[in-house]
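Hello,

Here is the structure I promised to pass on. Please open it and follow along with the notes below.

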Amino acid sequence: GGEFRLDSGETRIALPRLLKEPLSVQRLTSRVQWRQNPDDWFVQAQDIVLNARDGRVRGDFELRLPKDKTLSPVLKTRLDFHDGDGRHTAQYIPLILPDGLRAWIARAVVAGRVTHGHVLYHGAVRNFPFRDGKGRFEVRAHVKDGVLVYLPGWAPIRDIDAELFFSGTNMLITATHGRLRSLDVGRVAVAIDDFRAPEGAVITA
C-alpha cells in the first residue's frame, strides 16, 4: 500500500460512463491512499477539493477493484458542490438520460446559480443506474435566478428558484417561484419516471 498528496493545477478529468466531455479543472487536491487486499485493490481519496470555473466541489471517494475481472469495481462517494454556473449546464448532464432529454435540458437551461448540492454514489459500477435497487445514485441541487426556455419561440421563465433531485433513474424538479413576462409563476413540479421521453413527464402546478 501507500499514500500520496495530490495537488494538481489546470487539468481535465474524463468520466466516460457518466459525462460526454471531460471536466476542465483549475485545481484539484486530495490525500490518496491505496492497499492490496487478498481479493481486491482498495483506493481511497479523502479531503478532495476541486475548483473549476463552473463551481467548487469537496468530498471523498472509495474504490474497490476486484482481482477477479468478472466482478465489477465498487465505488462509494459523496461530493458536495456550490457556486455552480447554470450557463454551462450542458457539460454536466449525465449520459444515463436519453439523448432527447439531454438535448432539451442543454437547450432550455440558459442561466442560473447552483447555490449548493451533492452527489451520492454507492454500488457496483456495472449496475449503474441501479434499476434493480442494488446501489444508490442521488443528485440534489438548489438553483436560484434560473432562466428556462422551455419551448423554442416562447418567452423564457425567469427568476426561477428550484430544487433538482435525481434518484436512480428518476428526476424531480420543484420550482417554488418564477416569472413569465410580468406574471408570477407559483409552485410547479415536474417528475420523470425512469427517464422516459419528455412528453411522458407528469407535470403538476
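Strand E8 (109-124) is joined to strand E9 (residues 135-148) by twelve bridges. The two strands run antiparallel. To find the pairing on screen, look for Leu120, which stands opposite Glu138 in E9.

E9 also pairs with strand E10 (residues 157-167). This pairing is antiparallel too, over eight bridges. Here Leu148 has Ile157 in E10 as its bridge partner.

Keep in mind that this is a predicted model. The average pLDDT for the chain is 87. A score of at least 70 is reached by 95% of the residues. Take care with residues 201-205, where pLDDT stays under 50. For that stretch the model has twelve contacts beyond four places in sequence.

Next, the second largest pocket. Its space is about 170 Å³. Which elements give two or more residues to its lining? They are strand E5 (40-52), strand E6 (55-66), strand E7 (74-85) and E8. The lining includes Gln44 and Gln46, then Asp60, Phe61 and Glu62. Lys76, Thr77 and Arg78 line the pocket as well. So do Leu120, Tyr121, His122 and Arg136.

What is the lining made of, by class? Five of its residues are charged, four are polar and three are nonpolar.

Best wishes

Definitions and conventions
Residues are numbered from 1 along each chain as its sequence is written. This is a predicted model: local features need pLDDT of at least 70, side-chain atom pairs count only at pLDDT 80 or more; totals for chains, interfaces and linings use all residues. Side-chain values use heavy atoms; hydrogens and water are left out. On a 1 Å grid over the protein atoms alone, a cavity is a set of points where a 1.4 Å probe fits but cannot get out, and a pocket is an open set with protein on both sides within 12 Å along at least five of seven lines; lining residues have an atom within 4 Å of a point. Grid points are joined across faces, edges and corners, and a volume is the space filled by probe spheres set on the points. Helices (H or I, at least four residues) and strands (E, at least two) are DSSP runs, numbered from the N terminus. Ala, Val, Leu, Ile, Met, Phe, Trp, Tyr, Cys and Pro count as nonpolar, Asp, Glu, Lys and Arg as charged, and the others, Gly among them, as polar. pLDDT is the predictor's confidence in each residue, from 0 to 100. Contact means heavy atoms within 4.5 Å. Two strands pair if DSSP finds at least two bridges between them.
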